[in-house]
Amino acid sequence: MTAASPAAMTDLRAGLRRAERRRQVRAFGLVTPLLAFMLAIFVLPIASTLLFSISSTEMKTALPRTTAALANWSGDALPDETTYAALAADLAQGYAAKTVAGIATRLNQEIPGLRSLVMQTARKAETLPPPYRAAFAAVDPRWEDVATWRAMKSAAGPLTPRYLLQVLDLEREWDGSIVSVAPDRAVYITYLTRTFWMSIVVTLLCVAIGYPLAFYAAHCRPFARRLVLGSVLLPFLVSVLVRTAAWIVVLQKNGIVNSLLVWLGIVDQPVQLIFDRFGVYVVMVHVLLPFLVLPLYSVMRTIPALHMRAASSLGATPLSAFLSVYLPQSLPGLGAGAMLVFILSLGYYTTPALVGGPGDQMLSSLVTEFALEIGNWGMASAAATLLLISTLVSYLTFSRLFRARGFLP
Amino acid sequence: MKGFVGSVLLAAVLSIAQQGLAQARDFTVTAWGGAVQDAKRNIYFTPFGMEKGIKVLDDVYEGGWAPFKAMQDTGVVPWDVVQVETAELVRGCEEGIFAPLDWSKIGDKKDFVPYAVSQCGVGTTAWSIVIAYNKDSVKEGPATVQDFFNLQKWPGKRAMRRGPKINLEFALMADGVAPADVYKVLSTPQGIDRAFAKLDTIKPQIQWWKAGAQPTEWLASGDVALALAYNGRVSAALDEGKHFGIVWQNTQYDVDAWAIPAKSPYIELAHQFIKYASDPKRQADFTNIFAYGTTINGADKFIKPERITLLPAGDNLKTGLHIGSEEARAFWLDHLEELNERFNSWSGTSE
């Protein structure tokens, strides 16, 4: 074979590149619908929801003149008469257009009590006589408190750090310094650490129960395997709500377990097994166990039995053969399963809500509370952001930890 | 292939057109789901549709602000009459989500109980929170709100609704505050501390409920000794043959109201429906199934006599606290978020 001429080589290379490019374009074309789909119904809605956690446009929409008048206000002393006049005009107009209640609710987040102050003043705004400062003060002395006006300026937006700070138990003072909130309002970090702690415990419990189970299922007779996998999979086919309700029946004060314990004489009085942390763990482990067992089982099935026999023939005790030969080979399955369980636990809502007390609620319960019950989108979005970031950080940590050891693809 | 693309496009166009037409939907009313929904359908929705010769659909609304926020943001109004609690009624009225009512089309305000009448709402179902206990396990029942906090005489768990609302008021009344002064006391930091301190005395024994069905289930199963529960749920359990006792002292009551979304295409028909549903006989029919109070004068004579004593009405409300009063609403609109945080922080720690 003779070497090709340089010109022919270049042609060939260019041709190959063209073909490669064509292939890429076609491949990209094929995934475009999926990408567009993901973008439209997954990425964009989440991004726009997260925007709520920093946006604060209510002031500008509902009280435009006041917002403009406050733009150059230093905040050291009460604003001038024109600002009071602007607010009077805004309130009168907003009351007629029914836009005042929204901004009153927003300002109430800055200082509790401002909602009724704004509503009460708005009701009278139409008839307030100038000079407006005196008229406002006559309605309520809080209009002569500089803090009220600072609250309006803080809310003027269009962006605000308050929601994201609040979910970290922080708040911003007027001078810009960031301080911790009063201890009796500091709840969010507690929720965050509790969410992580409960997820870790559930994951460890799943590993402790699931590993031997998957091991047995992978290496027993076919009949027993079908039985074990069936009983792990069966709960999968039943809705979480039904499973949770079933556990309530089993674990309640006069339920099956308590009756059995009393009958056996292990306890004299029925013990608390549900509506506390213990109950939440039991139900969560039950619901999440298949997510650990299935990946683990499929990896264990591929570990050749020969390896263990080879280890014993070389003189390893069963324990050391397991630790040095079997366990390392099963770790990819364990890593994937544990990661699934942990990340699913982080966002758990139904189970703690139904079988836990207030001390067993996780971050997602705050999202629900703010979005559905209170209707504070900013806080709901900030709590969701916190949850999303925690999940991403856990995922990256997990995959880095396991990939570094070659346990994950 | 061309035929295929064509037919897909045609289908798409048709489905969009259909959605446009769907704007002209049938008259739709909401209720609170479950067995209550069935009763309201049989008593109000279906007969009203037959009388008018129209189709009346019903949908479920179970509280919260989210559906109204969605109406505000999207302009899509799926309901023509919605049954709401006072907090949403007032907020929706202030924000222009509900239409101000033309009372001349509904009836004389004087015929209704006073707390059923407002600018955007007509009360229809009065409910209250009462102390309930299981007579099978509690031989001598409690008689006062103070007894609820007496762990010596009535040991065991207490079921209470999770959240600060209702419980702070309850604690203050048990601590000796008169119902008329509850919100004055709560409006001071000392008053709030006092309420939490009172709750502290039974805190380890509280089992918090979220769904209205839970407290009566727990009473029946023996999980709790005493419970704060909706009176209608307790009566429903009595109807099923349970032996529950009720303490009416300092009961907290309110009324759910019909309201009309301002952008409904059936404003006129909605007024007619509310008038139809404010008929004494029809309200009594509902009360005979579920022991919630009526809001219109003259309903009493249609109610079964043994029912009357189980209703949030008359003597049962003598020491009661109206939690839908203007004072109560103003307090909670101002302080709910703040007290929710404090409640979450307080209830999440064990001591």
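**View 1. Cys93(B) and Cys120(B) form a disulfide in the predicted model, with their sulfur atoms 2.0 Å apart.** The structure is a predicted model. The torsion about the S-S bond of Cys93(B) and Cys120(B) is about 65 degrees, so the disulfide is right-handed. This pair links distant parts of the chain, 27 residues apart: Cys93(B) belongs to helix α4 (residues 86–94) of chain B, and Cys120(B) to the loop between α4 and β4 (121–134) of chain B. Cys93(B) is buried, at a relative accessible area of 10%, and Cys120(B) is buried as well, at 1%. Over all chains the count comes to one disulfide.

**View 2. Cys206(A) and Cys220(A) are two buried cysteines of chain A.** The relative accessibility of Cys206(A) is 0%, and this residue therefore counts as buried. For Cys220(A) the relative accessibility is 13%; because buried means under 20%, Cys220(A) also counts as buried.

**View 3. A salt bridge joins the side chains of Glu110(A) and Arg106(A), at 3.1 Å from N to O.** Both residues sit in helix α5 (residues 100–110) of chain A; because they are four residues apart there, about one helical turn separates them. Arg106(A) is buried, with a relative accessible area of 2%. Glu110(A) counts as buried too, at 18% relative accessibility.

**View 4. Asp80(B) and Arg25(B) form a salt bridge, their closest N and O atoms being 2.8 Å apart.** Asp80(B) is placed in the loop between α3 (66–74) and β3 (82–84) of chain B, and Arg25(B) in the loop between α1 (2–21) and β1 (27–31) of chain B, so the pair ties together parts that are 55 residues apart in sequence. With a relative accessibility of 0%, Asp80(B) counts as buried. Arg25(B) is buried at a relative accessible area of 18%.

**View 5. Lys198(B) and Asp175(B) meet through their side chains in a salt bridge of 4.0 Å, N to O.** Lys198(B) is part of helix α8 (residues 189–200) of chain B, while Asp175(B) is found in the loop between α6 (167–174) and α7 (182–186) of chain B, so the pair ties together parts that are 23 residues apart in sequence. Lys198(B) is buried, its relative accessible area being 18%. Asp175(B), at 32% relative accessibility, counts as partly exposed.

**View 6. Glu58(A), Arg106(A), Glu110(A) and Arg162(A) are joined into one network by salt bridges that share partners.** One of the contacts between these residues is the salt bridge of Glu110(A) and Arg106(A) (3.1 Å, N to O). Over all chains the structure holds 29 salt bridges.

**View 7. Arg13(A), Arg17(A), Arg18(A), Arg21(A), Arg22(A) and Arg26(A) form a positive surface patch.** Among them, Arg21(A) has its place in helix α1 (residues 6–51) of chain A. Arg21(A) is partly exposed, at a relative accessible area of 48%. Residues of a patch have over 30% relative accessible area and no salt bridge.

Conventions:
Residues are numbered from 1 along each chain as its sequence is written. Chains are lettered from A and ligands numbered from 1 in the order in which they are written. This is a predicted model: local features need pLDDT of at least 70, side-chain atom pairs count only at pLDDT 80 or more; totals for chains, interfaces and linings use all residues. Side-chain values use heavy atoms; hydrogens and water are left out. Patches are made of residues with over 30% relative accessible area and no salt bridge: like charges are joined within 9 Å, nonpolar side chains (Val, Leu, Ile, Met, Phe, Trp, Tyr) within 5 Å. Accessible areas come from the Shrake-Rupley method with a 1.4 Å probe; for residues, only the protein chains shown count as cover. Lys and Arg count as positive and Asp and Glu as negative; His and the chain ends are not counted. The place of a charge is taken as NZ of Lys, CZ of Arg, CG of Asp or CD of Glu. Helices (H or I, at least four residues) and strands (E, at least two) are DSSP runs, numbered from the N terminus. Buried means under 20% relative accessible area, exposed over 50%, partly exposed in between (1.4 Å probe, protein chains only). A disulfide is a pair of cysteine sulfur atoms within 2.5 Å.
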